[in-house]
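Q: Got a structure open here. Can we talk through how a couple of its helices sit together?
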Amino acid sequence: MSTKVHEALAWASSFLADHNREAFAAEILMRHVLGDVSRTDMLMRLHDPISEEKYEELKSVVDRHVDGEPVQYITGREDFYGRTFSVNEEVLIPRPETEELVEHMLTLISEHFSGGEQVAVADIGTGSGAISVTMALENKDLKVYTVDIAKESIEVARGNARKLGADVEFLHGDLLKPFIDKNIKLDVVVSNPPYIPDAEIAVLDTIVKDKEPMRALSGGEDGYDFYRRFMEELPLVLKERALVGFEVGAGQGATVASMLKDTFQAATVYVKYDISGKDRMVFAVVGK
């Protein structure tokens, strides 16, 4: 008697739970094995038989996740702002809190720049391109640049821009240096930089610390290395009237806000909290 999809799904959920992994990952892996089908399609097939080949594939990917490989790297995809992005081990997996960073920055841009004028935006640390590609697609008035120190990450992001039809200019370099070298002035800088203190990396889940790129996680001894560098470089690239938005680690908001206030003394700087109540974003309105 052949195994049904719902029976294989129940096994996967139980096996993951028994090995301290989230049981809901079984659904994502099953959908992947069935051909990257939608959840609705999977539910409609629950009582269909699953082939032996597909069942073995499911067991294989479940084992990989139990061994610490993120589900997103197994499936090669993650949803962000209503779009599906390709991801691999060269890029940080996009998180929901970064969607809030993008959403608020888009709102700020609409409030501080009139429609029709081109606004130069730089996303620093492109990773998968989630921030830059989303902003380019959501607001056609933006001239979007994105920078990463890793060419491997740029290739992933470039592929996502091509697939999703986003007009983004990719620059290889370290933080804001490409703009400083080319004397490019920016209206908006947005970034989700590495901000985890070195001591905290050791206690992260192995799925994160052993699989996601360390260059996208480590913020130095206290977590603020990249923010300090931003404070040195931002005055060299921002126009007189500009916006800055950072994602920060929980508990880092006040410190990063203070850094921005010291750097741009006339700026309006504020901390924004995510839906869980954590201080996860800091914004600055520079100039009038």
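Predicted model: local features only at pLDDT ≥ 70, side-chain atom pairs only at ≥ 80, totals over all residues.

Q: OK. At what angle do α12 and α13 pack, and how far apart are their axes?
A: The angle is about 25°, and the axes lie 10 Å apart. Angles under 35 degrees count as roughly parallel. That makes α12 roughly parallel to α13.

Q: Is the crossing of α12 and α13 left-handed or right-handed?
A: Right-handed.

Q: Which residues meet there, α12 to α13?
A: From α12, Tyr227, Arg228, Met231, Leu234 and Pro235. They meet Val256, Met259, Leu260 and Thr263 of α13.

Q: Now just α13. Which residues are buried?
A: The helix spans residues 253-263, and Gly253, Val256, Ala257, Met259 and Leu260 are buried. They sit on the same side of α13 because they cover an arc of only 155° around the axis.

Q: What does the face turned away from that buried side carry?
A: Two exposed residues, Ala254 and Asp262.

Q: Switching topic. What does UniProt place at residues 7-76?
A: An unreviewed UniProt entry lists the domain "Release factor glutamine methyltransferase N-terminal" there.

Q: How much helix and strand over residues 7-76?
A: The chain there is 67% helix and 0% strand. The end C-alpha atoms of that stretch are 25 Å apart.

How values were computed. Residues numbered from 1 in each chain as written. Heavy atoms only, no water. Buried < 20%, exposed > 50% of the residue type's maximum accessible area, 1.4 Å probe, protein only. Helix = DSSP H or I, 4+ residues; strand = E, 2+ residues; numbered from the N terminus. Arc of directions from axis to C-beta. UniProt positions renumbered as here; feature names shortened; annotations may be inferred. Axes fitted to C-alpha atoms, helices over the stretch in contact; angles between N-to-C directions. Parallel < 35°, antiparallel > 145°, perpendicular 65-115°, else oblique. Left-handed = near helix turned anticlockwise from the far one by under 90°. Contact = heavy atoms within 4.5 Å.
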